[in-house]
Each structure stands twice: as C-alpha cells, then as structure tokens.
Amino acid sequence: PEGSSLQLTIDSELQFVLERELEWALEKHDADGAVGVILDATTSEILAIANAPSFNLNLANQYGADIRRNNSVKDAFEPGSTIKTFVVAGSLKKGLSKPNSKYNCENGQLKIGRRTIGEADSTHKFEWLTVSEILAKSSNVGITKMAFELGDSELLKVLKDFGFGQMADVDLPGESAGVLQALPWRPHLLSNIAFGHGMTATPLQVANAYAAIANGGTLNKPYIVKSIVDPESGDEQSFEPEKIRQVL
C-alpha cells in the first residue's frame, strides 16, 4: 500500500565501507566507474550494493539516468577469470577430475585450430599443474583442457545451474540476464567461455554464484526487501530466503 515502510536487508556499515572503497578504487585507477555488491552467502540477502561515481539521493532528479542506474543488476560484462571456479566445480561434480588431478599446461601456449590460447600473463609458462593450482594460478590453458573434457553442452548446463544467462528475479528493477551463446560452441569459443570471455554476466550473478560455492552448493534467490509494514494496520509482510536449486 502507498506509504508502506520498507525494511531492507542492507547493512548500513557494510554499505558505507563499500561506497568508500569504490570511490577509492575509482580514484586510484582513474576509472570511469566502479560497482560492488555484498551478499550474505547463506541467504543471498543483499547486504550492500553501490556504484561509483555516486549521487545525492535527495536530489536524484538532477542527475542523468547513466549515473542513477544500478550497474550491479543492469550491466552485463565479460566476467573473465571469475568463471574458472565454476568450470572446476562442474568437473569435480561430474567426477572428471579431483583437486590433485594434473594437467599439462603446455608451457603457456595451446594451439586450437589456427588460434593459440595463452596465459593472461605472458611470463607464465606453466607445465604440469594440479586442478587446485590451475585455479590458484588462474591458468587459461589448464582451464581450457578441463572445459574440453566437460564439453560445450555440459559446461552450458553448469553455468545455467549457477544462474548465468538468466535473471535471478531480484526485487530490483531493470535486471539483465546476461548472455550465454546457443550451442554448439566451436572449440575456440568453448575455450574462451572457460575463462569468462564470449559470455556476459552481471556483478549480482557472479556474487550469487560464488555464494552457492561458499554455502555448500545451494543457489538462492537474491533479495533486498526484508519486510513491508502497512502504515494503517501495522501488518507486516516478511520475506525469507528462497532456494532456487541445489547446484553441488
């Protein structure tokens, strides 16, 4: 009803710290913008969410839509090496590897057709790495070999299970679903997606997928409204954590 009171899941101290850190990062890196979201990994409650540069909420109509937009839910971008965690999770779940399984990382260069996949740092010339080391050292070649074992249809399923390529139906406007390309994926695209290129995701999707890793494998629906109180009757509508699926 009109005039209802909203209680949010936002933690004011965490919100303050997040906004401060984003402004600091903006200045340090001379960046155009910064975005951050903090979730409770157990429940997917949104504890803090912010963009920088920010604006005065009391004078919101004096700012353009590009400043007021909530980039954590609206903007999808290539998530890069943050995706490697989910490739590993899928491989472990399928029993294709164990944490100490070893892969030959080809001295930092892997030829795929006419293209060559290299490491993000050209000085990295890894040979044999365990799965744990592939993740720790963020090896593009190692994660590509794990993705090839999974195959495109299985990796697509893993990413969808973790919530990528679809809206989480968060209680905030303008959510983007991100993009996962339709199958089949050519080997080069499969490789690229394994380290977070050739796909897009929102900051909220990435954070929520990591929450599922952290909490023992449950993907929950992220939410920001804890309760709504009717100003006339005093009736309170509370919102509880909502499980989407068991991923691991």
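Analyst: Ser227 sits in strand E9, which spans residues 225-229. The model is predicted. Ser227 has a relative accessibility of 2%. That is under 20%, so Ser227 counts as buried. Its side chain makes a polar contact with the side chain of Glu236, at 3.3 Å. Glu236 is also among the residues in contact with Ser227 once neighbours within four places in sequence are set aside.

Next, the aromatic pairs. The structure holds 4 of them. One joins Phe86 and Phe162. Phe86 belongs to helix H4 (residues 84-94). Phe162 lies in the loop between helix H7 (152-161) and helix H8 (187-194), so the pair ties together parts that are 76 residues apart in sequence. Both ends are covered: Phe86 is buried at 0% relative accessible area, and Phe162 is buried at 2%. Ring pairs also extend this into a cluster of Phe86, Phe162, Phe164 and Tyr210.

Tyr210 leads on to the surface. Together with Ile213 and Leu248, Tyr210 forms a nonpolar surface patch. The accessible area of the three is about 220 Å² together. Ile213 is placed in helix H9 (residues 203-214). Ile213 is partly exposed, with a relative accessible area of 32%.

Now the charged pairs. The count of salt bridges is 7. Lys145 and Glu106 form one of them, at 2.6 Å from N to O. Lys145 is in helix H6 (residues 140-150), while Glu106 is in the loop between strand E4 (102-104) and strand E5 (109-112), so this bridge ties together parts 39 residues apart in sequence. Glu106 is partly exposed, at 32% relative accessible area.

Lys157 and Asp161 make another salt bridge, at 3.1 Å from N to O. Here both partners lie in helix H7, 4 residues apart, about one turn of the helix. Lys157 is partly exposed at 42%. Asp161 has 17% relative accessibility and counts as buried.

A further bridge links Glu21 and Arg20, with 3.6 Å from N to O. Glu21 is partly exposed at 37% relative accessibility. Arg20 is partly exposed too, at 45%.

Terms used:
Residues numbered from 1 in each chain as written. Predicted model: local features only at pLDDT ≥ 70, side-chain atom pairs only at ≥ 80, totals over all residues. Heavy atoms only, no water. Patch = residues over 30% accessible without salt bridge, like charges linked within 9 Å, V, L, I, M, F, W, Y side chains within 5 Å. Areas by Shrake-Rupley, 256 points an atom, 1.4 Å probe, with all protein chains shown as cover. Salt bridge = Lys/Arg side-chain N within 4 Å of Asp/Glu carboxyl O. Helix = DSSP H or I, 4+ residues; strand = E, 2+ residues; numbered from the N terminus. Buried < 20%, exposed > 50% of the residue type's maximum accessible area, 1.4 Å probe, protein only. Polar contact = N/O pair within 3.5 Å; in protein donor to acceptor, adjacent residues only side chain to side chain. Contact = heavy atoms within 4.5 Å. Phe/Tyr/Trp six-rings, centres within 6.5 Å; stacked < 30°, edge-to-face > 60°.
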